[in-house]
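Subject: Structure handover

Dear colleague,

Here is the structure I said I would pass on. My notes on what I found follow below it.

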Amino acid sequence: MNTPDIVDPVLGLIDWIAAARERGEPDPQTATLATVDPAFARPSVRTISVQIDTDSLVFFVNAHTGKGQQLQWHPYVALCFFWHGVQQQITVEGVVEALDAVDADRLWAQRSRDSQLTARSSQQQAVFGDPEAFRQRREQERHSYDFEHVPRPAHWVGYRLLPTRLEFWAAGWHRQHPRWLFERAPDGGWQSSVQEP
Ligand SMILES: Cc1cc2nc3c(=O)[nH]c(=O)nc-3n(C[C@H](O)[C@H](O)[C@H](O)COP(=O)(O)O)c2cc1C
């Protein structure tokens, strides 16, 4: 079995996302993100929305949340995309680097105003004790920026993924699922191999 027509696996991932969308996958940029709490060496996972920024992958988190704290101390992550309709999966491992303010603001500006206001009002790490207090905070934010640009709050942090290992998986007959592995080589290029099904 030959490696599919993929030279750069990050561009290959972006192509598979586009292909999944073309074939009707409703939200192909949704992935499961695993992070590690360095204090306890335990993983944790959750769903995130991944954005494509030219030829790299970025995502945003609230810095006060569990993953937000973990990423500040331990930048190693794993991501898993699974597209049910096309029966394909890509897993990615690597490190993340925080976006600088210019890039973070640029991508923040692409969010809807409603989502920006919620991000500013949300204390995602806290127990949701008082919905009315949240509603009032959000209303306050809305009034503060009536007809104005909504600024990105400092706790809304973007990360760029720098992958070191990607595995492409496609469903095959009788459990013979082809898998193509790409690992970062010492010279900065990629080494590819076909894995046993
Ligand atoms: C489809 C979907 C997309 C999501 N996208 C994000 C996201 O981009 N960033 C984020 O911080 N949380 C996102 N969430 C919420 C997270 O899954 C999670 O509940 C929240 O961030 C708290 O995570 P933590 O306590 O593990 O840090 C998304 C959830 C779903 C279901």
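β2 provides four residues to the shell around the ligand, the largest share. Please bear in mind that this is a predicted model. β2, β4 (56-62) and α2 (66-73) each supply at least two residues of that shell. By class, the shell divides into five polar, three nonpolar and two charged residues.

Of the ten residues around the ligand, those that come nearest are R46, T47, S49, F60 and K67.

- R46: a polar atom of its side chain lies 2.8 Å from a ligand oxygen atom.
- F60: a polar atom of its backbone is 2.9 Å from a nitrogen atom of the ligand.
- T65: an N or O atom in its side chain is 3.5 Å from an oxygen atom of the ligand.

The ligand taken alone exposes 620 Å², and the protein buries 61% of that area.

Next, the helix. In α2 the buried residues are K67, G68, Q70 and L71. They lie on the same side of α2, because the arc they cover around the axis is only 165°. As background, an α-helix has 3.6 residues a turn, so residues three or four places apart point the same way. The buried residues of α2 pack against strands β1, β2, β4, β5, β6 and β7 (156-170).

Finally, two backbone points to look at when you go through the loops. A41 has a phi near 55°, a positive value in a residue other than glycine. A41 sits in the loop between β1 (30-37) and β2 (42-49). Is A41 buried or exposed? Its relative accessible area is 62%, and A41 is therefore exposed, the cut-off being over 50%.

Q87 is not a glycine either, and its phi is positive, at about 55°. Q87 belongs to the loop between β5 (76-83) and β6 (88-98). With a relative accessibility of 30%, Q87 counts as partly exposed, because its value falls between the 20% and 50% limits.

Regards

Key. Residues are numbered from 1 along each chain as its sequence is written. This is a predicted model: local features need pLDDT of at least 70, side-chain atom pairs count only at pLDDT 80 or more; totals for chains, interfaces and linings use all residues. Side-chain values use heavy atoms; hydrogens and water are left out. Buried means under 20% relative accessible area, exposed over 50%, partly exposed in between (1.4 Å probe, protein chains only). A residue is near a molecule or strand if one of its heavy atoms lies within 4 Å of it. A polar contact is a pair of N or O atoms within 3.5 Å; within protein, one must be able to donate a hydrogen and the other to accept it, and residues adjacent in sequence count only if both atoms are side-chain atoms. Accessible areas come from the Shrake-Rupley method with a 1.4 Å probe; for residues, only the protein chains shown count as cover. Ala, Val, Leu, Ile, Met, Phe, Trp, Tyr, Cys and Pro count as nonpolar, Asp, Glu, Lys and Arg as charged, and the others, Gly among them, as polar. The arc is that of the directions from the helix axis to the C-beta atoms. Contact means heavy atoms within 4.5 Å.
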